[in-house]
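Dear colleague,

Please find below the structure for your review.

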Amino acid sequence: KSVVVIIRRAPLGSDRAAEALRVALGQTLAATQVTALFIDDGVWSARPLRPELVRGPEFSKPIEFLLEAGHRLVADAESLAAREIHAVRPGVDVKPRHEVIDLLTAADAVIAY
C-alpha cells in the first residue's frame, strides 16, 4: 500500500506543516510506503530552515526519520518555481507537476493536510 501526505501550508506561522509530517510518520507504523508531497506554500518545508530561531514548530526530525526509513519526500517543481526557491534539502526529489499528478493517482490513499 502507498500513502501520500500532501503538505501545502507554510512551515512557519502555523503548526499545519509540522502536523502533516507527524501524520506521515504515523502512517509508517503500518506496512505502507509513505510519500510526503510538498506543494503550494508547503514547498518552504522542503528547504533547510531553522524554525527554532523564531520559535516555530519542529519539522526537521520527522523529515530526517522519513528519509532514514526509506520513505519518499517530493517537492512540486511548479510550486518551487512560483516561489523562486532554487534549492531543497538533500533527499527531497523535485518532480514536475505531471509526475506529481501520477504519484497522487497511483496512491492507495491521499491525505491532504
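The model is predicted: local features need pLDDT of at least 70 and side-chain atom pairs count only at pLDDT 80 or more, while totals for chains, interfaces and linings use all residues. Residues are numbered from 1 along each chain as its sequence is written, and side-chain values use heavy atoms, with hydrogens and water left out.

The axes of H1 and H2 come within 9 Å and cross at roughly 30° (axes are lines fitted to C-alpha atoms, for helices over the stretch in contact, and angles run from 0 to 180 degrees between N-to-C directions). H1 is therefore roughly parallel to H2, the word for angles under 35 degrees; over 145 counts as roughly antiparallel, 65 to 115 as roughly perpendicular and the rest as oblique. Leu21, Ala24 and Leu25 of H1 meet Pro62, Ile63, Phe65 and Leu66 of H2, a contact being heavy atoms within 4.5 Å.

The chain has four helices and five strands, which from the N terminus run β-α-β-α-β-α-β-α-β. Both kinds of element are DSSP runs numbered from the N terminus: helices are H or I of at least four residues, and strands are E of at least two.

The five strands form an open parallel sheet in the order S4-S3-S2-S1-S5, where two strands pair if DSSP finds at least two bridges between them. Strands S4 (92-95) and S5 (109-112) stand at the edges with a single partner strand each, so one side of each has no neighbour in the sheet. S1 (residues 2-7) and S2 (residues 33-38) pair in the parallel sense over six bridges; Ser2 has Gln33 in S2 as its bridge partner. Helix H1 (residues 16-27) packs on the sheet and touches S1, S2 and S5, its direction making about 175° with that of S1.

The largest nonpolar core has 19 residues, of which Ile7, Leu21, Ala36, Phe38, Leu66, Leu73 and Ala75 touch the most other members. Such a core is a set of buried Ala, Val, Leu, Ile, Met, Phe, Trp, Tyr and Cys residues joined through side-chain atoms within 4.5 Å; buried means under 20% relative accessible area, exposed over 50% and partly exposed in between, with a 1.4 Å probe and protein chains only. H1 gives the largest share of this core, four residues.

Yours sincerely
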